[in-house]
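Keep the sequence and the model side by side as you read.

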Amino acid sequence: MKRITSMATLAAVLSVSGCATDGSFDANKAMAVGIGVAQAVTLDEDSVKHTASLAAKEMDGKNQVAGSGSAYAQRLAQITAGLQNYKGMKFDFKVYMAPEINAFAMADGTVRVYSGLMDAMPDDQVLAVIGHEIGHVYHKHSFEQMQQKILTDSAMQAAVSVGGVVGDLTQGQLGQLAYVAVNAQFSQQDELESDEFAVKMLHNMGKDPYSMKRAIATLEAKYGSGSSFLSSHPSNKDRIKRIQKAIDRL
Ligand SMILES: [Zn+2]
C-alpha cells in the first residue's frame, strides 16, 4: 500500500486500477517453480476466491472505509447500481478514503475505489474504471494473479493441500495478497481485454462507452503519462485505438 506524500510521488505511483503493465505475468512461472508434481499447479477457484475475501477483509481493516451514509459511499452506490450481480458474478463495492488515484478488484468480486480517484473524475468515468476492474475479475486475471502469488511464495505453498485448496494463511500473508491486488501487474493483453470489457459493459448498461476513452484522457491530462496505468504497455495511443475499435464493434 503506497502512501502519497507529494504530487511527484503521486505521478510515480499513480495507477488507476493498480494495473502496472509491464507484462510480467507468466502463467508458466508458477509451474516452473512448481509445488511438486503430486500437488495441483492450478488452485481450486472457489478456494482462491475465499482467500481473496479474507485478504479483502484484512485490507479493509487497514484502510478507512467510507461509511455507508457518507457522500462518497452514496455516490459509489449510485454509480454501481445494478452491478452487485453482474454476469453471474457478485460484487462488493466500497470506497477507501485515501488520495491515491486508484481502484482494484479481487477474484471474489471485491472492488475498492479510492476517494482520490472519485475526486479526479465524473461519475461516468468512475464507472468506466470500475468496468475495467470488473473485466479483470470476469476474465479471471485477478484469480490468476492471486493463484500465481500463492504458488510462487514458498510459505504460502505450504498452506496448499491436494486438490489445490488453500488452507489457513497468516494475517501477514493475507496482507501480502491484498498488496499484490492493489499493485496489480497485468499483461498488456489483459489490460486491453479489460478495457474492451468495460466498453461492452457500459453499452449494456445503456451508458456511453466513450467514457472509457474519457477516463484515460482525464488521467493523462491531469497527471501526464507518468502513471503506470497510462504509460506504455500498452501506450495510451494503442489503448485509445483499441477502445475505439471495441466501440465500433458494438
Ligand atoms: Zn487493469
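Two strands count as paired if DSSP finds at least two bridges between them. Helices and strands here are DSSP runs (H or I over at least four residues for helices, E over at least two for strands), numbered from the N terminus. This is a predicted model: local features need pLDDT of at least 70, side-chain atom pairs count only at pLDDT 80 or more, and totals for chains, interfaces and linings use all residues. Residues are numbered from 1 along each chain as its sequence is written.

First, the whole chain. It has twelve helices and seven strands. A residue is called buried if 20 or more other C-beta atoms lie within 10 Å of its own, exposed if 12 or fewer do, and partly exposed in between, with C-beta atoms placed from the backbone. Of the 250 residues of the protein chain, 42% count as buried. Two residues are in contact if their C-beta atoms, placed from the backbone, lie within 7 Å. Among contacts with a separation of 6 or more, 73% come from residues 24 or more positions apart.

Now the sheet. Strands of a sheet pair through backbone hydrogen bonds, either parallel or antiparallel. Here three strands form an open sheet in the order 3-5-4, with mixed pairing. Strand 3 (92-96) and strand 4 (103-105) stand at the edges; each has a single partner strand, so one side of each is left without a neighbour in the sheet. The twist averages 15° from one strand to the next. Angles like this one run from 0 to 180 degrees between N-to-C directions, and axes are lines fitted to C-alpha atoms, for helices over the stretch in contact.

Take the two pairings in turn. Strand 3 and strand 5 (residues 110-114) run parallel and are joined by five bridges. Asp92 has Thr110 of strand 5 as its bridge partner. Strand 4 and strand 5 run antiparallel, joined by three bridges. Ala103 stands opposite Val113 in strand 5. The hairpin of strand 4 and strand 5 has four residues between the strands, and in it Gly109 takes a positive phi near 100°.

How many residues of strand 5 are buried? Five of the five are, so strand 5 is largely enclosed by the rest of the structure. Thr110, Arg112 and Tyr114 point one way, Val111 and Val113 the other way, and all are buried.

Next, helix 10 (residues 188-204). Its 17 residues should span 24 Å at 1.5 Å a residue, and its end C-alpha atoms are 24 Å apart, which agrees. The expected span is 1.5 Å times one less than the number of residues. Helix 10 is mostly covered, with twelve of its 17 residues buried. Among them are Leu192, Phe197, Val199 and Leu202, along with the acidic Asp190 and Glu191. The buried residues of helix 10 pack against helix 6 (123-138), helix 7, helix 11 (210-223) and helix 12 (236-249). Just after helix 10, Gly206 takes a positive phi of about 80°.

Two of those partners also meet each other. The axes of helix 6 and helix 11 come within 8 Å and cross at roughly 100°. That makes helix 6 roughly perpendicular to helix 11. Angles of 65 to 115 degrees count as roughly perpendicular, under 35 as roughly parallel, over 145 as roughly antiparallel and the rest as oblique. Helix 6 brings Asp124, Gln125, Leu127, Ala128 and Val129 to the contact, and helix 11 brings Ser211, Met212, Arg214, Ala215 and Thr218. These residues divide into five nonpolar, three polar and two charged. Ala, Val, Leu, Ile, Met, Phe, Trp, Tyr, Cys and Pro count as nonpolar, Asp, Glu, Lys and Arg as charged, and the others, Gly among them, as polar.

Helix 7 (residues 141-152) has a crossing too. Its axis and that of helix 3 (residues 45-62) come within 10 Å and cross at roughly 85°. Helix 3 and helix 7 are therefore roughly perpendicular to each other. Glu45, Val48, Thr51 and Ala52 of helix 3 meet Phe143, Met146 and Gln147 of helix 7.

Last, two loop glycines. Gly82 lies in the loop between helix 4 (71-79) and strand 1 (85-86). With 8 C-beta neighbours inside 10 Å, Gly82 counts as exposed. Gly82 and Met205 are 123 residues apart in sequence and 8.7 Å apart in space, C-alpha to C-alpha. Gly88 sits in the loop between strand 1 and strand 2 (89-90). Gly88 is exposed, with 6 other C-beta atoms within 10 Å.
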